[in-house]
Amino acid sequence: MEITQTDRALWAQGIAFAGIDEAGRGPLAGPVAAGCCVMPASPLLEGVDDSKKLSAQKREALYDQILSTAVFANVGYASVEEINSLNILEATRLAMARAAEGAPCGLFLLDAMEGVALPGECRSIVHGDALCYSIAAASILAKVSRDRLMGELDAQYPQYGFAKHKGYGTREHIAALRQYGPCAAHRALFVRNFL
């Protein structure tokens, strides 16, 4: 299926809609981020795809193009504290709701997510970041924004290597966690199994 197929059908009907996706549900550290994009039918940005399929360099280039092209683009976060108190699923829903605040549409296409409190109709699309242009754009926004934030956390806590692994449970990260113990950027429930 061509990545713009879902979007084209909605554009053809004159329906205003946004794509929403998250980045950072799985890591041991850092916030969870969500992107929300309302993309125009033209120009179509070449190379927009699931952020996980793109190199960091390609994501960075597309990030700027998305921001300059989008009708609406926003990133919402849920903090480590919110992840610890709510759980990762609820925190992800919260980040998505924050990302969608002020979006000029009544339809939201989400990447395999339900139960998000949004001001309109929600449609969950499995593998949406690979099947829907607007969700893919949102995935790039979320991923680049979160990666940049992990770079800032790396400057604060250099011993963990956040800039390199972005908080994911790599061998290097787990070794640092065992050596230094967790810091304020770590998710308490996620790291307890490694300590």
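**The loop between strand S5 and helix H5, where His127 lies.** His127 lies in the loop that runs between S5 and helix H5 (128-131), where helices (H or I, at least four residues) and strands (E, at least two) are DSSP runs numbered from the N terminus. The model shown here is predicted, so that local features need pLDDT of at least 70 and side-chain atom pairs count only at pLDDT 80 or more, while totals for chains, interfaces and linings use all residues. Residues are numbered from 1 along each chain as its sequence is written, and side-chain values use heavy atoms, with hydrogens and water left out. Although His127 is not a glycine, its phi is positive, at about 60°. With 56% relative accessibility, His127 counts as exposed, a class that begins over 50% relative accessible area, whereas buried means under 20% and partly exposed lies in between (1.4 Å probe, protein chains only).

**Asn87, in the loop between helices H3 and H4.** The loop that holds Asn87 lies between helix H3 (80-86) and helix H4 (88-99). Asn87 has a phi near 110°, which is a positive value in a residue other than glycine. Its relative accessibility is 34%, and Asn87 therefore counts as partly exposed.

**The peptide bond between Ser42 and Pro43.** Ser42 and Pro43 are joined by a cis peptide bond, with an omega of about 0°. Pro43 has its place in the loop between S2 and helix H2 (56-69).

An open sheet is formed by five strands in the order S3-S2-S1-S4-S5, with mixed pairing; two strands pair if DSSP finds at least two bridges between them. At the edges are strand S3 (72-78) and strand S5 (121-125), each of which pairs on one side only. On average, and with direction ignored, neighbouring strands of this sheet are turned by 20° against each other. Helix H6 (residues 133-156) packs on the sheet and touches strand S1 (17-23), S2, S3, strand S4 (107-111) and S5, its direction making about 40° with that of S1.

**Strand S2 between its two partners, S1 and S3.** Strand S2 (residues 32-38) pairs with S3 in the antiparallel sense over seven bridges, and S1 and S2 also pair in the antiparallel sense, over five bridges. Cys37 has Ala73 as its bridge partner in S3, and Cys37 is in turn the bridge partner, in S2, of Gly19. Seven of the seven residues of S2 are buried, so the strand is largely enclosed by the rest of the structure. Val32, Ala34, Cys36 and Val38 are buried on one side, and Ala33, Gly35 and Cys37 are buried on the other.

**Strand S4 between S1 and S5.** S4 pairs with S1 in the parallel sense over four bridges, while five bridges join S4 to S5, again running parallel. Five of the five residues of S4 are buried, so that the strand is mostly covered. Of these, Leu107, Leu109 and Asp111 point one way, and Phe108 and Leu110 point the other way.

In helix H8 (residues 171-180), His173, Ile174, Ala176 and Leu177 are buried. Around the axis these residues cover an arc of only 160°, which puts them on the same side of H8; the arc is that of the directions from the helix axis to the C-beta atoms. Helix H7 (162-165) and helix H9 (188-191) are among what covers these buried residues. Arg171, Arg178 and Gln179 are exposed on the other side of H8. Gly181, with a positive phi near 75°, follows the helix.

On a 1 Å grid over the protein atoms alone, a cavity is a set of points where a 1.4 Å probe fits but cannot get out, whereas a pocket is an open set with protein on both sides within 12 Å along at least five of seven lines, and lining residues have an atom within 4 Å of a point. The lining consists of 15 residues, of which Glu22, Ala23, Gly24, Lys52 and Tyr168 lie nearest the centre of the pocket. H6 supplies the largest share of the lining, four residues, and S1 and H6 each supply at least two.

How values were computed. Axes are lines fitted to C-alpha atoms, for helices over the stretch in contact, and angles run from 0 to 180 degrees between N-to-C directions. Contact means heavy atoms within 4.5 Å.
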